[in-house]
Amino acid sequence: MKTVVGVAVTEDGRVLAAYRPGPEGGWEFPGGKVEPGETDEQAAVREIREELDLEIKVGESLGPAVNISSEYQLHVYLASVVSGDPVLREHSELRWFAAAELDEAGWLVPDRPFVRELRARL
């Protein structure tokens, strides 16, 4: 099974979320597919650099991976900003959420278990 990494970029007790538009849209942790030969951490750094123009330091996992299809599983990691300000490139909106603002209902289904875990850690 292939891995998709999601990255919960945190700063000052808040987490950065990206909005995916469309009929199946919702908030998600930015990230993307792990390429052959990459670790999850390397993929997370590359994807966040490409999508948001941020340099990050990847931290611990937010729990076990969740299957998102027969081919892919989602694994979400905490990360902190090393440098840069987020740039909107691939999503329709970016937003910083405080723990109290994290309502799972607005998130894509695969991301929801990680939202619960993140809320407890912010």
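With which residue does R46 form a salt bridge? In this predicted model, local features need pLDDT of at least 70, side-chain atom pairs count only at pLDDT 80 or more, and totals for chains, interfaces and linings use all residues. Residues are numbered from 1 along each chain as its sequence is written, and side-chain values use heavy atoms, with hydrogens and water left out.

The partner of R46 is E38. The closest N and O atoms of this pair lie 2.6 Å apart. A salt bridge here is a side-chain nitrogen of Lys or Arg within 4 Å of a carboxyl oxygen of Asp or Glu. By this rule, twelve salt bridges are counted. R46 and E38 also belong to a network of salt bridges that includes E47 and E50. R46 is buried, at 18% relative accessible area. Buried means under 20% relative accessible area, exposed over 50%, and partly exposed in between (1.4 Å probe, protein chains only).

A further salt bridge joins E101 and R95, at 3.6 Å from N to O. E101 is partly exposed, with 38% relative accessibility. R95 is partly exposed as well, with a relative accessible area of 32%.

R119 pairs with E104 in another salt bridge, with an N to O distance of 3.6 Å. This pair links distant parts of the chain, 15 residues apart. R119 sits in helix α2 (residues 112-121). E104 lies in the loop between β8 (93-98) and α2. Helices (H or I, at least four residues) and strands (E, at least two) are DSSP runs, numbered from the N terminus. R119 is partly exposed, at 32% relative accessibility.
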